[in-house]
Amino acid sequence: MRAFSVLYVLCVMPRQEISAWRPRVAGVVEVFHAHFTEHAYPMHVHDAWTLLIVDDGAVRYDLDRYERGTPSDTVSLLPPRIPHNGSSATPHGFRKRVLYLDMTQLDERFIGPAVDGPDLTDPVLRRRVGQLHAALANRGDEFEAASRLALISERLREHLRPRLVLGGAGPDRGISQGLRALLDERLLEGIALEEAARLLHAHPAHLVRAFSGAFGIAPHQYVMSRRVDLARRLLLDGQPPGEVATAAGFYDQPHLTRHFKRIVGTAPGRYARPGTGARPGAFSRAAVAARRSSSV
């Protein structure tokens, strides 16, 4: 069993609060709570499933080139490797709680159905996600958290399974998938556009247009957002930002900081700062208000 690791940060900044930690619960990559009034996420991707609830305000976002929104009574499920952005849909910002789940909870078959309908209006699911956040915020409640996660994953599959269809790639999808495979394979060391074009037997400009058209994000944005995603994991492992910058493929720490702040909304040193002694999710009034009941 993995050792329990909690890294927490409360950002004392105007109109911004963030906490992030990794619980000792299989299937949960990260727990992320945030209150933003001004930060707007650019287009980016995650390696994990993003399970999002909004406790105050509302979030609007684009997923697969369609505009979506998640008010406080819905649960949003954003699939891995699919570009999305995000910003407040209200003047006073939003308060959210996010779980990043690995592929053991939902496999690749469910990515397409989640793209087609990421926002789920399901009061039972919404309540269970809130209960899971409450359990994850308390050390010693890992068994309860794992039990609640199992019920949540099952209910998510029930929502997505009816949408499963067998479909092939579009006419120009092959070259885009080929470039994505190259970018994933060379994530840390990088690959020159000219080399990628030579390997895929395509003109560099055509590669960029095809990738952007297929995935809704430019190749360079895809690479940087995946590196930031890796940096988040390494920071939660306890590595200092200077080491994380090199390990995640950035030129130096300022290079990491610039892209990290643009995507996540805070600096790497504030995102996961060891030794604060605070309880995960301590700032979140919603987490306290949503104290779990005995029912599941």
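The model is predicted, so local features need pLDDT of at least 70 and side-chain atom pairs pLDDT 80 or more, while totals for chains, interfaces and linings use all residues. Residues are numbered from 1 along each chain as its sequence is written, and side-chain values use heavy atoms, with hydrogens and water left out.

Of its 296 residues, 53% are buried (under 20% relative accessible area; exposed is over 50%, partly exposed in between, with a 1.4 Å probe and protein chains only).

Now look at helix 4 (residues 173-185) and helix 6 (residues 204-215), which pack at about 95° with axes 9 Å apart (axes are lines fitted to C-alpha atoms over the stretch in contact, and angles run from 0 to 180 degrees between N-to-C directions). That makes the two helices roughly perpendicular (65 to 115 degrees).

On to salt bridges, meaning a side-chain nitrogen of Lys or Arg within 4 Å of a carboxyl oxygen of Asp or Glu; the count is 18. One of them pairs R232 with E30, closest N and O atoms 3.0 Å apart. R232 sits in helix 7 (residues 219-236) and E30 in strand 2 (residues 28-36), 202 residues apart, and both are buried. Also in helix 7, D229 and R233 are 4 residues apart, about one turn, and their side chains meet at 3.7 Å, N to O. Shared partners tie E30, D229, R232 and R233 into one salt-bridge network.

Key:
Angles under 35 degrees count as roughly parallel, over 145 as roughly antiparallel, 65 to 115 as roughly perpendicular and the rest as oblique.
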